[in-house]
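Please have the sequence and the model open side by side. The report below works through selected features in turn.

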Amino acid sequence: MRYYIADLHFFHGAMNGSMDCRGFQDVDEMNRVMSERWNRKVRDNDEVVIIGDLSWGSAKQTRELLDRLRGRLYLIQGNHDRFLTGKETDLGRFQWVKPYEELYDNRRKVILCHYPILFYNGQYRLDREGNPRTYMLYGHVHDTKDQRLVERFQEITRNTVITDVAGDRRPIPSNMINCFCMYSDYEPLTLDQWIECDRKRREAGKIGPGGG
């Protein structure tokens with residue numbers, strides 16, 4: 001099984017205050033709860049792609065954390081992963097660390113970057129039934145005004161009709177999903193689970209101008 005998640009920010013106390021208002025008593029509680037929810041879901045042979053901003057802790061703190069997390073780990077580098085530049089950095093728990101990657105998940109292309117890419121590779125590709133063949137998974141913007149701007153862009157894009165190479169008129173796809181950890185209650189999710197999570201948020205009216 002392969003899972004994805006972004007912006008956990010282990011050891012980052014500001015996530016409980018002015019930034020995300022996560023509501024934990026302190027960093028220790030936040031780290032403990034997020035680790036427990038991770039390990040409740042992930043098995044040792046599962047893959048977890050972390051889409052940036054895993055840890056604000058030191059190289060030593062982060063290595064000790066990684067030794068407690070289950071699964072085979074892959075890291076898309078985020079701007080707050082400062083442990084990567086420490087003198088004691090040990091990347092042994094990661095299968096790879098990259099700023100960007102493209103891979104396949106059950107015959108669908110997945111574009112991975114910490115930062116949202118509005119015009120991503122494979123954006124227009126659909127299968128014979130008209131379903132998306134490519135998804136762009138990102139993080140970085142949490143649940144902020146920047147995420148609202150991404151959602152507004154997606155709405156405009158999806159309401160823009162083009163004529164494709166076959167001469168058919170259809171709306172432009174925009175299948176970008178913010179894998180922000182708070183959206184999944186701090187659990188890594190599969191691609192299909194993230195697609196469903198995103199759909200439910202839209203139906204609940206939590207996506208769009210003024211949404212939260």
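## The model and its sheet

This is a predicted model. Four strands form an open sheet, and the pairing is parallel. Their order is β1-β2-β3-β4. At the edges lie β1 (2-5) and β4 (94-98), each of which pairs on one side only. On average, neighbouring strands in this sheet are turned by 15 degrees against each other, direction ignored.

One pairing can be followed at residue level. β1 runs parallel to β2 (residues 47-50), and four bridges join the two strands. Y3 has V48 in β2 as its bridge partner.

## Aromatic pairs

The structure contains five aromatic pairs. One of them is F119 with F153: the ring centres are 5.3 Å apart and the planes stand at 85 degrees, so this pair is edge-to-face.

F119 counts as exposed because its relative accessibility is 63%, over the 50% cut-off. F153 has a relative accessible area of 18% and is therefore buried, since the limit is 20%.

F180 and Y183 make another pair. Their ring centres are 5.3 Å apart and their planes are at 80 degrees, so this pair is also edge-to-face. Both F180 and Y183 are buried.

## Charges over rings

Y183 has a further contact. The charged end of R201 sits over the Y183 ring, 3.6 Å from the ring centre. A second case involves K98 and W96. Here the charged end of K98 sits over the W96 ring, at 4.8 Å from its centre.

## Nonpolar cores

In soluble globular proteins, nonpolar side chains tend to be buried together. The largest nonpolar core in this model has 44 residues. Which of its members touch the most others? They are Y4, W38, I51, L54, L112 and L137.

L112 shows what such a position looks like. Setting aside residues up to four places away in sequence, L112 touches Y4, V49, I51, I76, P99, Y100, E101, L103, M136 and L137. A second core is separate and has eight residues, among them I111, V141, V150 and M176.

## Two buried positions

Is N175 buried or exposed? Its relative accessibility is 14%, so N175 counts as buried. N175 lies in the loop between β9 (169-171) and β10 (176-178). Beyond residues up to four places away in sequence, N175 touches Y120, P132, T134, Y135, M136, Q154 and R158.

Y138 is in strand β7. With a relative accessible area of 0%, Y138 is buried. Apart from neighbours within four places in sequence, Y138 is in contact with A6, I51, C113, H114, Y115, P116, Q147, V150, M176, I177, N178 and C179. Among these contacts, I51 is one of the residues that touch the most other members of the largest core. V150 and M176, also in contact with Y138, belong to the second core.

How many residues separate Y138 and F11 in sequence? They are 127 residues apart in sequence, and their C-alpha atoms are 21 Å apart in space.

Technical notes:
Residues numbered from 1 in each chain as written. Predicted model: local features only at pLDDT ≥ 70, side-chain atom pairs only at ≥ 80, totals over all residues. Heavy atoms only, no water. Pairing = 2+ DSSP bridges. Axes fitted to C-alpha atoms, helices over the stretch in contact; angles between N-to-C directions. Phe/Tyr/Trp six-rings, centres within 6.5 Å; stacked < 30°, edge-to-face > 60°. Buried < 20%, exposed > 50% of the residue type's maximum accessible area, 1.4 Å probe, protein only. Lys NZ or Arg CZ within 6 Å of the ring centre and 35° of its normal. Core = buried A, V, L, I, M, F, W, Y, C linked by side-chain atoms within 4.5 Å. Contact = heavy atoms within 4.5 Å.
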